[in-house]
Every structure is written in structure tokens, then in C-alpha cells.
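Open your viewer and get ready to click around. We'll take it one selection at a time.

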Protein chains: 2
Amino acid sequence: MGDENQKSKRGIPPKSNFNEWYPFIVEAAELIDKRYPIKGMDVWRPYGWKTMRLIDSHTHKEMERTGHGECNFPLLIPEDLLEKENKLVSLLKRAREQGVDPEDLRHDEEEAGFKKEVYWVKHAGENKLDIPMFLRPTSETAMYTMFPLWIRSHADLPLKIYQTVNTFRYETKQTRSFIRVREIHFFEAHTAHVDEECATKQIEEDLEIVSRLMTKFALPVIISKRPTWDTFPGAWYTIAIDVVMPNGRTLQVASVHHYRDQWAKAFDITYENINGSQSYVHQTTYGMSERLLGAIVGMHGDDNGLILPPAVSPFQIVLIPIISKNNSEIILKELDLISEKLKKLGYRTHIDNRNIRPGQKYYDWELKGVPIRLDFGQRDFDSNNIMCTSRIGGKEQINLDNLEEEISTKLNQIQNEMVEMGANKLNSSIKKLPQLINEDGWKLSEKIENDKVYWTAFEGTDSDAEIIERLTGLTFLGESLDNLDSEMECCITGKNTNCKVFLAKTY
Amino acid sequence: MGDENQKSKRGIPPKSNFNEWYPFIVEAAELIDKRYPIKGMDVWRPYGWKTMRLIDSHTHKEMERTGHGECNFPLLIPEDLLEKENKLVSLLKRAREQGVDPEDLRHDEEEAGFKKEVYWVKHAGENKLDIPMFLRPTSETAMYTMFPLWIRSHADLPLKIYQTVNTFRYETKQTRSFIRVREIHFFEAHTAHVDEECATKQIEEDLEIVSRLMTKFALPVIISKRPTWDTFPGAWYTIAIDVVMPNGRTLQVASVHHYRDQWAKAFDITYENINGSQSYVHQTTYGMSERLLGAIVGMHGDDNGLILPPAVSPFQIVLIPIISKNNSEIILKELDLISEKLKKLGYRTHIDNRNIRPGQKYYDWELKGVPIRLDFGQRDFDSNNIMCTSRIGGKEQINLDNLEEEISTKLNQIQNEMVEMGANKLNSSIKKLPQLINEDGWKLSEKIENDKVYWTAFEGTDSDAEIIERLTGLTFLGESLDNLDSEMECCITGKNTNCKVFLAKTY
């Protein structure tokens, strides 16, 4: 399309230079504006917000399908509620460090570090507040304060709720749009169950939801059980869902936590069981955020801009009139009819009738990643055709009589190809970890590549893991949920195991 | 339906005692939970949040229809940005007080009182912030900081954006769910135009949107231009939309502001006009909030609970199986088919198959205000009928072959009757103000009734208005947008005028 010049004029960095491409493209495609005067708090522009809300809409559909109720909790949490959480977190942390049962430590309490990561509201108007409040970093504390009021008997269980809200984290690391921000567009589901087994089934349901969503978003993922030292505070275990970005760094886009009855004990959430006595509930949470959009941007863009999966693209089809002074009315009228027909079928369409050259429009919509572009001019009108260009490549004339069918086929094709391309990218970015050799200390048989994620067989201790992390410069993502097909030697102990772990540089 | 006993058992206060009925019903119907430990910050429960989101969805549709883009701005605003706003607000306030042109005072600045109403973030983690930030009470300051970056030339205008977000106000008055809260679910549209006339046209568009929405919500409204002293800070004029609640108090549910170029001058928002020189934009805003839900609750409920308009009811139709041990499978299966058929037509349905008595279910859904209830048992199955009960009264058998048609007719009827009932309530709650008589000071010819809103002809000064307010205990809502059909004597000066003003006790 001969816009090689325009590109360099506009100065999009090549995607191979991902660390420059990404921050450039999120602003150039008008997803967000970073010029708001607080670092890490960006303004969502209409195109970005619409994309995010489409991502949300798929999540909401899954929540409805699985019987979760949508709530909305207050943003502010009084400090005194945090005490319960702090005690729990510090208790579990020390139990882990000391390798003992948390129960043994339950009465021995200490402040945790959570307070270091929150924004504080200690003043209102001209008053100093009696009890300081903080902006939620996540909503366990707010929600579990209410759960005892809502849960009386086993008939109230399972309790399954979710919300999509703004959360806050006082990030001191470098911020990056969607990836590491200080105001986070956040989804969180919280459930309470009669026992551990029912909570475990919830984790399975969550992972099924994750799988359905990631297919919609054409995001191939690595699912792993985080190592103990990287488990969410207060969780029994954490399952994390990571996307490999083009620079080889993994981005955690979702996580699922099994809390057992640990929070229930801290917040006194009990129910009357069928025997008439009180039991603690078992809880889970499932979280995702605007990182999903960051992952979609990173996974699918190219040198010309974004490539959005049809399921989340604000416009799935953009229609460009090719007009002269004489025929503008008739062409626009026909294009309107075409667009309305597609809209009625449920497609999101947009006619770009700005008074600029078509080449400029092509450039803009390519940058914004719209899956299908339809150009329509006099020649097309005369021949009852329309020119269809796909954002992932390919251009063909479509007879207007077959348009609905062709568009449906094309969007499915684009979706499927994006899923496949994603899977290929993931496969080609995962390698087996080079051999570890112990001669006067540990060495690697080969150098670690910068843009790769590694797997290896592992059954060692935490300190073995530390050796590997130090040697490779990689971080343990965790254990694959799938065992190795057949046993292999642990990379460090040499003992046979079917446990497969992933290691990566992480965001 | 013989649940008079249940009612008193459950203890719903009669609606005639509105000040007790309202706070009871919002919790009993599970719209919100007020037991969250911060006053004025309630937890939205799934039923309430779904209702609110349906209200929002109609607003969003109107915004899409009229070409507004949906944004999402950061919650936090650095204090230094507020300085611009404070200067503007205090300038306009003093200009009004002194009856002079704001231009004459532009360089003479002073702090305004806005800071008294916000929550402050001055600490993050363990640090004191260099620049304090506050939680947005509304987003003029945040948005107008970005507008100069987005508006370059007349081609960028009009700029029309909106957002639906949480806003905060440090209320010191008594809080009431949806009506006066400290975290507010808020809608705000902001526009910028080339000149005053174009901004005025926007105000007209906003009022048309208001009218369409209020019909959907079956809310009869009083629309008036607020008196100068009650105009939104920074606005040239404010048009307010008030609903009369059953206790006679008016509740402002929406407002539309014409800013002229006052904010543009404070925030330096200019564009290159067609002559190549710089002009200030003219701006408007349009705001609504969760008060809409408060108004719907207040306007339409009765002694048995809520009555929700079909457009915003989480379920439009609830289906109740009337089963015995022998037929439960066949009845539930048939009810499922009926529900699916209605869902496919776009209706929101819910089958209540809880293991409790039907009478209890009737009670619950009446309380929650669902427009249509369908009961289905063996006799209905045998005769191919279903029993249809309308929340606003009436019960009839419907042949299942005509169900779709009958439901459509019924929901339209309910909607229309709710609009009509609302209009009747409004008409009967508005009275002409008793005559004012001046004999050794002003007197009223008749007593003011507690639950009424008053109108009168008025062309007096601000101090005349003050006399009336003091004498009646009422507040000036403002001037009706419609003139009197023929001139009448001003209630205080006696001069002829066609200006009609409204007065009320307000929330």
C-alpha cells in the first residue's frame, strides 16, 4: 500500500525494537494519553476504553454464565480493617520461612509490609480523619468484612461475586501503560465454599474461564503454580497465567488463588453446617486487569501498528468511501446501507468519511488494528463488488450479494489465524534450559537467550531454585499444571521427576 | 395476595411514611448494604448494581447516538491543578456578589471553598507526597488539563466526551443511600465548541437526551434554570432537572451547565479558528448520578416494595414453578423452554427454583419490583396457559401460544402506565404559591403544605427572592424553561411578567 514513507514520517519504531515500539504505539493508536500530570496514571481515550470495555464484556459474560453476581464495593478501606489482614499475611509468611504450620504461630503477631504499597487518605476537607483510610489495592479486606453478614448457613454457599473497579498501588518501579500502573482497571472474583474440595472445584472453573477468554483474546498462555515464595499473601497456592511478550519477558495477566480457610479464620467467616455446628468457609479469588490489553497489544501488533482480535476491536470493519466530487452522494448512501446491514448482524462497523485522502485513512486504521477494511468506489459500485483488506494480510474483491457470509468467514479466519500465530510464537519462544554442570561451582552448558522462556525438570529445594535463578538470571514462574510425559532427571539434583517448571525474565 | 401478615412480619414501613420506608426498602430489596464501616459509602449488591448498570446502559446508548466518546480519567488530581479552578470559581463568585463583569476582577485572586469538600491523599506507602492529591469530586480540572493537548484547530471541534466513574465528596450532612453519599457513581459529559451558540445547541441536545431518558425511567421532572446564586461554580448558567419525591422534597437528578469560555480562559483552551488566529472554546457539561436510582425507588415503590420500570429492572419477568413431588421435572423443563423463548426475544428473565414456598417467592419479587411474574403449575401445563401477574396490579391467564405478543403488550402497558402515574403524581404535587400580602411586613394568605412544590410568577430581585424563601421555608428551584401562557402579576412586585418560578423543599 505504499505507505513505507508515511511510516517513517510518523516515526513508528519497528516492532523488533519492542521496548520502544510498545510505549509509542499505545499513544499513537490513541488507546491512552500519558501526558496526565501523575506518573503511572494515564487517561483512557475513547478507542482504548472501548477496547478495554469489550475485554471486560467477555469476562462479564463468563461470570454470568457461571453464576457470579456483580457487586461494587467502596474504594476506601479503614486502616483498622487492615490489621486482620496484616496479621494473617505476616503469620503465613513467617510460617513459610520457618517451615512450620501457620496454626503454631497464630497468636504471635507482627505488622506486614502491605502498608508500604497503598495510597493513604488521612485528611478530608480541613479535617484530619480519626481513622486513616487507604485506596484499595485489591478488595479482600473490604469484602471479607461483609461476608460474615451475608453468610449464615450452608444454604448461602457457594457465594460467588465479582467486580470491575479501579484499584491503586503506589508503584515505585518504572511505570508502563497497562503493564505497571498506579491506578489499575481491575477485575476480581471472590468465592466462599463449604469446604476445601468445593473451593478446589472453583479453581477448576476459573481455569476453564481463563482458557475460554484467552482464546477470545488470541492470547497463548503459560499456566503454572507459583513457587511457595511467590504465592499471593494469604493464599494456600496461586496459579498464575503468563503471556510471553515479544522481548521474552513474561507478563502475568491473570491469577487464581486458593485461600483454604485462612482468610475465613482471620475474618471469622463461618456458616452453620448441616450438623448445626459452625465451620469456616473455604475461599478463592480470581483476578485480571488492564494487563490483558497490554498483552494483546504486545502479542499481535506489527510494524504498522496494533492488530486487534475481532472480539475486542472497537470496530471490526471500517468502511472507506473512494469518492470524487460527482459521485460522493451515491457512494456514501450505498456505503451507509452496507454498514447498516452489517450492524444488524451484530458487527461493529464504522464509516470513515473524514475529508482526507484514502491513503491517510488506510494508515490510521492499520495503526489502530481494525481487522477488516472495506473500500468502496465507483468501479465497485458499477460491478456490485467491494474491496476487502484484512489487517493480518490479504486483499480481495467480494461480491456484495455474498458480503454477510464472506465477512463472517473472514472474521473467523482472522480470529483463528491470530490464535494459531500466537501459539506458534509461544512455542518458538520456549526452550529447554541448558544443562547445569557442577565443576568448581555451577555452570551453564550454553548461554541464556534474552528473548526466551525456559523449562526444565525440577524437584529440588528452594535453595536449589535460588542457585538456578542466580546462575541464569531468570525467575521461576512455577510448576506446569501438566506433568512431563515421562520422567526426566531434575536439572540440579539429577533425581527422576515428572515435574516441569518454567523460568523467565518477568515484567 | 394475602401477604398482609408477612409484610408486618417483615416490617416494611408503609410508603406514606416515606422517611422510614426509603432507607428500609433499599436494603430489604438488596440494592445496597449500608453496613460497610464507612458512613455514606455503601456496598452495591448484585441486584442494585445490575439496576444501576441498566440505567447507565441507556445513558451510554444516548451518548453513542449523539457522538460522544467514552473516556476514563484518573481518579486523583494534583492539588496544583486545582489552583486554576479555585481562581476561576472565586473570581466568578465575587463578580456575582459585586454585580460586576468577571473580566474586571480576573487578576485579583483568592482561594475558593472547594477544598473543604474533598478527600486528600497526602501520603503513599511510608512517604509524604511532594504535591498532595485529591479524589475527584467531578472532573473539570482533570479533563481541562488535557483539552489543550487535544484541541488544536476548529477541525478538532466539537469535542464531546463522557465518563461513568466513582467520584467523592466529603459530606458533612446526613447521608442517604443514592441521594447523598460520599462515594458517588457519577456520569459526566464534557464538550468544547467553537463558540457560545454551538455550546447553546449542545445544551439543547442534552435536554433532549434528558427527556428521552426520563421517559425510559418513568421519571416526571421539573426542568428549571437555577437562580444565579445557585449556579454551578464556573458556569454561566445551570439548568437543573428535579424529581419530586413522595415527601414533597425535590431531588436534583441531572444538571446541564453552559460554561461559555470561562473555564477555557482559566485552562487556556484555545483553537486556531478559520482566520488563523486563536479563540477560546466554549464549553458545556452534563452530569447525572446514582440519584437516578434513588428517584426511581422513591417515585414508583409502594407498601410492598420497589416497582421498577421494565427498562431498568434486572429481571423483567420472573417465572415461578408451582410443583409437587410428582411433576417437578416436567414443569421445570417446560418453564425452561418458556424462559429461553423470552430470552431470545431480548427479555431479561429469571426462573426462581429455590426450595421455598411460592408465597415466599411472590413476596420477594414483589419487594424487588419485578414488572411481571409468571406462575406455572400442573393446571397451567394441562390447559396450555400461564398465570401472569403485573407488579402494578392485575392478574390474568395467558395462552402460551400468544405469550410473546402478550408479554410485549404487557411490558409496554406497564411502562406507559408508570409514565402516566408519575405525571399524575407530579401534577398533583405542584400548587400555585399562596398570595403574598404586605401588611406590616410580608404574610402568606394560606399555609404552605409540607409535601408540595409551588410555582409563582416572579420578576423580582435576589433580595425579593430571599424574602419569599424566608417566608415560605421553600427554596427557589429556578425559572421554568417554559414561559407562562399569558402574563401574570409577580407575586412580590405586582408587575406583569411571563416568568414562572418553582419553589420547593429540596434534598
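Start where the two chains meet: the contact takes 40 residues from chain A and 40 residues from chain B, where two residues are in contact if their C-beta atoms, placed from the backbone, lie within 7 Å. Keep in mind that this is a predicted model, where local features need pLDDT of at least 70, side-chain atom pairs count only at pLDDT 80 or more, and totals for chains, interfaces and linings use all residues. Residues are numbered from 1 along each chain as its sequence is written, while chains are lettered from A and ligands numbered from 1 in the order in which they are written.

Now select strand 5 of chain B, which gives the most to the side of chain B that touches chain A, with 6 residues. Helices (H or I, at least four residues) and strands (E, at least two) are DSSP runs, numbered from the N terminus.

What joins it to strand 5 of chain B? You'll find 5 bridges, and the two strands run antiparallel. Strands pair if DSSP finds at least two bridges between them. Zoom in on Val121(A), and you'll see Val121(B) standing opposite.

Next, pick Phe217(B). Leaving out residues up to four places away in sequence, Phe217(B) touches Ile55(B), Leu292(B), Ile296(B), Pro309(B), Ala311(B) and Val312(B).

Last stop: colour chain A by domain, using bounds from an automatic or database domain assignment. Domain 1 covers 43-75 + 136-299, domain 2 covers 317-416 and domain 3 covers 430-504. In chain A, the C-alpha centres of domain 1 and domain 3 lie 29 Å apart.
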